Amino acid sequence: MKKYIMHIIGILLIFSLLFPFVYVADSDNYSIILVSGWKYFSQNLFSLSSILIFLALIFKNYQGYKNSQLIVFVMTSMVALYFYCSPILSLGEEFWSSITEFPVGYFISGLLMIAGIGLNLKRLVSG
């Protein structure tokens, strides 16, 4: 089971991005719509590629070149977390009053991303 924990976290992270993720403004009819995580990240190619690289490094279980893999994983994780936190950063001063308006998919995917980062860093650093 310990061998497959990163695969389970990666699959759960993929499924959590299919849930309602964040509210965005629709410029066609001036309304607020709810989008999934994949639709949110696909609006920017750089953010989508960072999420896909992050997921690829979670599923990768190659033991060679740990230093370069650690550097790439940390850089990709920081970029993915930046794009993940950009809805929170856009709230500004209204953070605590508006944090309850985020859908459950946002929080589930955030917890799974942090768990994946922690477990993968532990695996890469411990050897």
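This is a predicted model: local features need pLDDT of at least 70, side-chain atom pairs count only at pLDDT 80 or more; totals for chains, interfaces and linings use all residues.
A search of the whole structure finds six aromatic pairs, and one aromatic cluster is formed by Phe 21, Tyr 40, Phe 41, Tyr 106 and Phe 107.

**Aromatic pairs**

- A pair of aromatic rings is described by the distance of the centres and the angle of the planes.
- Among the six pairs found in the whole structure, the rings of Tyr 40 and Phe 41 have centres 5.2 Å apart and planes at 70 degrees, so this pair counts as edge-to-face.
- Tyr 40 and Phe 41 are both buried.
- The rings of Tyr 106 and Phe 107 have their centres 5.6 Å apart and their planes at 90 degrees, and this pair is therefore edge-to-face.

**Helix 1**

- Helix 1, which runs over residues 5-16 and has twelve residues, reaches 16 Å from its first C-alpha to its last, close to the 16 Å expected at 1.5 Å a residue.
- The buried residues in helix 1 are Met 6, Ile 9, Gly 10, Leu 13 and Ser 16, and because they cover an arc of only 125 degrees around the axis, they lie on the same side of helix 1.
- These buried residues of helix 1 pack against helix 3 (45-59) and helix 6 (104-126).

Notes. Residues are numbered from 1 along each chain as its sequence is written. Side-chain values use heavy atoms; hydrogens and water are left out. Helices (H or I, at least four residues) and strands (E, at least two) are DSSP runs, numbered from the N terminus. The expected span of a helix is 1.5 Å times one less than its number of residues. Buried means under 20% relative accessible area, exposed over 50%, partly exposed in between (1.4 Å probe, protein chains only). The arc is that of the directions from the helix axis to the C-beta atoms. Contact means heavy atoms within 4.5 Å. Rings of Phe, Tyr and Trp (its six-membered ring) pair if their centres lie within 6.5 Å; planes under 30 degrees apart count as stacked, over 60 as edge-to-face and the rest as tilted.
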